[in-house]
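Hello,

Here is the structure I promised to pass on to you. Have a look at it first, and my notes follow below.

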Amino acid sequence: MTEEKRSCCQVSRADLFAEKKEDTVQVERGQQSTDGMVYLSGGEFLMGTDDEEGFKTDGEGPVEKVKVDPFYIDETTVTNQQFQAFVKETGYQTEAERFSWSFVFHLFVAKDFPGKVQQVPQTPWWLATEGAYWYQPEGEGSNLDGRMDHPVIHVSWNDAIAYCQWAGKRLPTEAEWEYAARGGLVQKRFPWGDELTPNGEHYCNIWQGEFPRHNTEEDGYVGTAPVQSFSPNDYGLYHMSGNVWEWCANTFQIDRQGKADQEPVDGNLLKVMRGGSYLCHHSYCNRYRVAARSSNTVESSSGNIGFRCVKTAN
Ligand SMILES: [Cu+2]
């Protein structure tokens with residue numbers, strides 16, 4: 001995995017010096033329900049890919065038979081609306097708030113933005129933006145008007161865990177995530193098949209045009225899209241490719257058998273992220289394929305990372 005390949009759409013707090021305020025909130029369980037979730041019966045499936053275009057250095061292969069137990073999974077990623085309900089009830093403060101900044105893609109930061117902005121050296125299209133957090137995704141002066149049905153962003157793995165705790169749910173394991181994303185199809189590139197745009201139609205929210213400056217918006221979006229836009233896969237799940245990266249429960253290991261544990265980065269474990277985001281483009285990262293993998297530290301957050309929850313079925 002070269003630096004350039006890694007960096008187009010993934011950025012980590014470990015890339016910059018960062019200090020944060022202590023957490024004071026104890027999250028308690030709220031109401032529990034399986035509304036908006038799909039029941040999946042589980043079973044064996046073929047995980048990963050041995051395809052030429054797959055990134056061997058990411059551990060996309062070898063293809064292996066993996067079994068998952070029955071579970072419920074959110075049809076969509078967690079929305080701003082849902083996350084707001086969680087925050088209102090618990091007073092939870094996200095890590096972006098405690099660090100007082102998060103990573104925003106450069107095109108979304110206002111030219112006359114009054115706050116502090118710091119460019120990430122290797123990935124100058126990522127700006128550590130003062131005051132950016134889920135409720136004001138582009139920093140001070142921005143808001144969620146018209147975006148309550150968009151995925152919540154600027155949430156770290158730790159934030160996602162806190163939300164899950166409150167919702168009586170959990171993050172999917174990587175295997176559960178991929179099983180769900182494949183929607184019953186066997187060894188296809190995308191949740192809907194092998195072709196990116198069947199009949200010229202867009203099935204996901206990724207980048208078109210010249211990264212990182214010009215997005216032609218052919219799919220209708222530069223940034224996040226509402227969580228129910230585009231067609232769901234055959235399991236009724238939306239945006240398993242594109243829109244926002246989704247946190248998974250497990251620690252990232254190149255070797256999925258667990259023989260080669262990933263070393264912590266600055267003392268932080270790396271957690272798996274799947275699905276790719278609105279910034280993914282074939283020429284740069286090609287990680288909107290269903291077998292593609294990425295990772296990040298538990299306290300990292302950016303404008304293209306979100307999550308969905310699952311629940312064990314019993
Ligand atoms: Cu990408």
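Let me start with a pair of strands. Strand 11 (residues 270-274) and strand 12 run antiparallel and are joined by five bridges; strands count as paired if DSSP finds at least two bridges between them. Within this pair, M273 stands opposite S294 of strand 12. Strand 12 covers residues 293-297, and five of its five residues are buried, where buried means under 20% relative accessible area with a 1.4 Å probe, counting protein chains only. Both of its faces are covered, with R293, S295 and T297 on one side and S294 and N296 on the other.

A word on how to read all this. This is a predicted model, in which local features need pLDDT of at least 70 and side-chain atom pairs count only at pLDDT 80 or more, while totals for chains, interfaces and linings use all residues. Residues are numbered from 1 along each chain as its sequence is written, and side-chain values use heavy atoms, with hydrogens and water left out.

Now the whole protein. It has five helices and 14 strands, taken as DSSP runs (H or I of at least four residues for helices, E of at least two for strands) and numbered from the N terminus. Buried residues make up 57% of the 314.

Helix 4 (residues 157-167) is mostly covered, with eight of its 11 residues buried, including W157, Y163, C164 and W166. Just after helix 4, G168 takes a positive phi of about 70 degrees.

Helix 5 (residues 174-182) has nine of its nine residues buried, so it is largely enclosed by the rest of the structure. Just after helix 5, G183 takes a positive phi of about 55 degrees.

Best wishes

Technical notes: Buried means under 20% relative accessible area, exposed over 50%, partly exposed in between (1.4 Å probe, protein chains only).
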